[in-house]
Amino acid sequence: MQISKDTVVQFHYVLSDITSGQKVELENSNKKSNSDGPLLYLHGHQQMLAALEQAMEGKQAGDELDINLTPEQAYGERDENAIQSVQVKHLMGAKKWKVGMTAVVQTEHGQRQVTIVKMGMFKADVDTNHPLAGKSLNFLINITSVRPATTEELAHGHAHGEGGHNH
C-alpha cells in the first residue's frame, strides 16, 4: 500500500544537523519519537513537517528516504528577538529550573516549548524559538508499515496504537 491521505504510516528515523553532522536528540524526546521506536502518524492531516509529508507521499513499507530540509522547510529561521520574560510559576516540565533547560508554557495558541536563557527567583527569560530553528536538517527515514486509517482514527484526527495516540 502506498502512502496517501488517510493512511497510517509507521516509521523509524534518525535526525541530524546537516551543518555539524551531529545526530539531534532533543532533551524532551521520548522513546516513541526518536530512532529507538517507530513513530506513527495519520498522513495528510498536518501532523508533521509539510516537507516530510510531501517526501513520503506515494512511498510504501520498506522504502528508505534521505531527506534534507532547509530551516524554512523545517522549523524556520531563528528570531533573535524571541526572548520573553515569564513568571516561573507558568513553566511546566520540572520543579527546579536552570539555564538551557526546555520548558513548556501555555499560550493563547496552545502549549509552546521554550528554552530558559536567564533564571530569576520569580521570573525567567525564555527563548521562544523552536530548539531546531535556524538549522538545516537531515532525516533518514525507514518506513515500516502503511495501512488504511480506521473510522475512529479519522474521526479523532490522529493515529492510534504504539507510537501514535492511545486513549
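## A walk through the predicted fold

Gly134 sits in the loop between strand 7 (123–127) and strand 8; helices (H or I, at least four residues) and strands (E, at least two) are DSSP runs, numbered from the N terminus. This is a predicted model, where local features need pLDDT of at least 70 and side-chain atom pairs count only at pLDDT 80 or more, while totals for chains, interfaces and linings use all residues. Residues are numbered from 1 along each chain as its sequence is written, and side-chain values use heavy atoms, with hydrogens and water left out.

Not counting residues up to four places away in sequence, Gly134 touches Pro71, Gly76, Glu77 and Arg78, where contact means heavy atoms within 4.5 Å. Asp79, for its part, is in the loop between strand 3 and strand 4. Asp79 is partly exposed too, with a relative accessible area of 40%.

| Pair | Apart in sequence | C-alpha to C-alpha |
|---|---|---|
| Gly134 and Arg78 | 56 residues | 4.9 Å |
| Asp79 and Ala133 | 54 residues | 8.5 Å |
| Val86 and Lys123 | 37 residues | 5.5 Å |

Zooming out, the protein chain has two helices and eight strands. Read from the N terminus, the elements go β-β-α-β-β-β-β-β-β-α. Of the 167 residues, 35% count as buried. If you take contacts between residues at least 6 apart in sequence, 67% of them join residues at least 24 apart. The accessible surface comes to about 10,100 Å², and carbon and sulfur atoms own 48% of that; the areas come from the Shrake-Rupley method with a 1.4 Å probe, and for residues only the protein chains shown count as cover.

Now for the inside. In soluble globular proteins, nonpolar side chains tend to be buried together. A nonpolar core here is a set of buried Ala, Val, Leu, Ile, Met, Phe, Trp, Tyr and Cys residues joined through side-chain atoms within 4.5 Å. The largest one has 22 residues, and those with the most contacts inside it are Phe11, Leu52, Met56, Leu69, Phe139, Ile141 and Ile143. Strand 1 (7–17), helix 1 (50–56), strand 3 (64–69) and strand 8 (137–148) each put in at least two residues. Strand 8 supplies the largest share of this core, five residues. Take Phe139: leaving aside its neighbours within four places in sequence, Phe139 is in contact with Tyr13, Val14, Leu15, Leu49, Leu52, Leu65, Asp66, Ile67 and Leu69. Apart from this core lies another, of eleven residues, among them Val86, Trp97, Ala103 and Val105.

Val86 belongs to strand 4 and is buried, with a relative accessible area of 16%. Beyond its neighbours within four places in sequence, Val86 is in contact with Leu91, Phe122, Lys123, Ala124 and Val126.

What about the second largest pocket? Its volume is about 250 Å³. A pocket, on a 1 Å grid over the protein atoms alone, is an open set of points where a 1.4 Å probe fits, with protein on both sides within 12 Å along at least five of seven lines; lining residues have an atom within 4 Å of a point. Of its 14 lining residues, Gln84, Val105, Gln106, Thr107 and Arg112 are the closest to the centre. Strand 4 (83–87), strand 5 (102–107) and strand 6 (110–119) each supply at least two residues of the lining, and strand 6 gives the most, with four. By class, the lining has four nonpolar, eight polar and two charged residues.

Last stop: the stretch around His43. Is His43 buried or exposed? His43 is buried, with a relative accessible area of 1%, and lies in the loop between strand 2 (39–42) and helix 1. Not counting residues up to four places away in sequence, His43 touches Ile3, Ser4, Lys5, Asp6, Thr7, Val9, Glu53 and Glu57.

Most residues other than glycine have a negative phi. Asp6 has a positive phi, near 70 degrees; Asp6 is in the segment before strand 1 and is partly exposed at 28% relative accessibility. Gln46 also has a positive phi, near 55 degrees. Gln46 lies in the loop between strand 2 and helix 1, and at 76% relative accessibility it counts as exposed.

Terms used. Buried means under 20% relative accessible area, exposed over 50%, partly exposed in between (1.4 Å probe, protein chains only). Grid points are joined across faces, edges and corners, and a volume is the space filled by probe spheres set on the points. Ala, Val, Leu, Ile, Met, Phe, Trp, Tyr, Cys and Pro count as nonpolar, Asp, Glu, Lys and Arg as charged, and the others, Gly among them, as polar.
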